Amino acid sequence: MNREEALNSIEANVENRNLIKHMLATEAIMRALARHLGKDEEEWGLTGLVHDIDVELTGGDMNTHSKLGADLVGEMGASEDIVHAVLCHNEAHGVPRNTKLDKALFCADPLTGLITAAALVRPDKKLAGVELKSVRKRFKEKSFAAGVSREQIATCSELGLELEEFIELGLEAMKGIAPDLKL
Ligand SMILES: [Fe+2]
């Protein structure tokens, strides 16, 4: 599975543009994490890109979400590591996160939501003016983007990253694709 095939499959299976933007943002953060940790940037990026491919197909049912996605990307020829990371990013299945790739997807996924929300509350609704300190402040504000699991973001520690450097890495990664995110 290459990036083009992944994008074609996403276009075929996902209508919600915000969901697609979430997957692109997750891809960008995963690529940045791979660079930071000396891992395979293509593989990590692809994992982020496809991780929610089944959300509409499963109708948001957490009992099937990510199982179907793992099957789909496996059929597309994704590596076993990608398939496993996609599968275990939904905790409902009780599948342990074993690899760095598993752990990276798990913490990158909610960080996109926090950073997107931090941009959308600005008058210009743009990422460019979002500063690290404001995202850090928002992280501590539990009522802000309340659906975003701070605990899950904080599992970046399992990759050896401090929360602050993880947020900074994610923010810079998303700024790097701001036009694609329409932010
Ligand atoms: Fe996600």
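Q: Which residues does Leu-111 touch, leaving out residues up to four places away in sequence?
A: In this predicted model, Leu-111 touches Ile-29, Ile-153, Phe-166, Ile-167 and Gly-170, when residues up to four places away in sequence are not counted.

Q: And where does Leu-111 lie, and is it buried or exposed?
A: Leu-111 lies in helix H6, and it counts as buried because its relative accessibility is 0%, while buried means under 20%.

Q: How many residues apart in sequence are Leu-111 and Ala-25, and how far apart in space?
A: Leu-111 and Ala-25 are 86 residues apart in sequence, and in space their C-alpha atoms are 9.3 Å apart.

Q: Ile-29 was on that contact list, so what does Ile-29 touch itself?
A: Leaving out residues up to four places away in sequence, Ile-29 touches Ala-108, Leu-111, Thr-112, Phe-166, Leu-169, Gly-170, Ala-173 and Met-174. Ile-29 lies in helix H2, and it is buried, with a relative accessible area of 0%. The C-alpha atoms of Ile-29 and Ala-104 are separated by 9.1 Å, although these two residues are 75 residues apart along the chain.

Q: Switching topic: what coordinates the iron ion?
A: The iron ion is coordinated by His-22 and His-51, each through NE2, and by Asp-52 and Asp-109, each through OD, at 2.1 to 2.2 Å. Along the chain, these donors follow the spacing H-x28-H-D-x56-D.

Q: OK, salt bridges next: how many does a search of the whole structure find?
A: The search of the whole structure finds eleven salt bridges. One of them joins the side chains of Arg-3 and Glu-27, at 2.6 Å from N to O. Since Arg-3 lies in helix H1 (residues 3–13) and Glu-27 in helix H2, the pair ties together parts that are 24 residues apart in sequence.

Q: What salt bridge does Glu-41 make?
A: The side chain of Glu-41 meets that of Arg-31 in a salt bridge, at 3.1 Å from N to O. This pair links distant parts of the chain, with Glu-41 in helix H3 and Arg-31 in helix H2, ten residues apart. Salt bridges that share partners also join Arg-31, Arg-35, Glu-41 and Glu-42 into one network.

Q: What about Glu-11, which residue does it meet in a salt bridge?
A: The side chain of Glu-11 meets the side chain of Arg-17, at 3.3 Å from N to O. Glu-11 counts as partly exposed at 47% relative accessibility, and Arg-17 is also partly exposed, with a relative accessible area of 47%.

Q: Now rings: how many aromatic pairs does the structure hold?
A: The structure holds zero aromatic pairs. There are arginines over ring faces, however: Arg-97 lies over the face of Phe-106, at 3.5 Å from the ring centre, and Arg-138 lies over the face of Phe-144, at 4.4 Å from the ring centre.

Q: Last one, where is Lys-125, and what is its phi?
A: Lys-125 is in the loop between helix H6 (100–120) and helix H7 (132–140), and it has a positive phi of about 55° although it is not a glycine. In general, most residues other than glycine have a negative phi. Ala-145, in the loop between H7 and helix H8 (150–154), also has a positive phi, near 45°.

How values were computed
Residues are numbered from 1 along each chain as its sequence is written. This is a predicted model: local features need pLDDT of at least 70, side-chain atom pairs count only at pLDDT 80 or more; totals for chains, interfaces and linings use all residues. Side-chain values use heavy atoms; hydrogens and water are left out. Donors are N, O and S atoms within 2.8 Å of the metal (3.2 Å for Na, K and Ca); water is not among the atoms, so sites may look incomplete. Helices (H or I, at least four residues) and strands (E, at least two) are DSSP runs, numbered from the N terminus. Buried means under 20% relative accessible area, exposed over 50%, partly exposed in between (1.4 Å probe, protein chains only). Contact means heavy atoms within 4.5 Å. Rings of Phe, Tyr and Trp (its six-membered ring) pair if their centres lie within 6.5 Å; planes under 30 degrees apart count as stacked, over 60 as edge-to-face and the rest as tilted. A charge sits over a ring if NZ of Lys or CZ of Arg is within 6 Å of the ring centre and within 35 degrees of the ring normal. A salt bridge is a side-chain nitrogen of Lys or Arg within 4 Å of a carboxyl oxygen of Asp or Glu.
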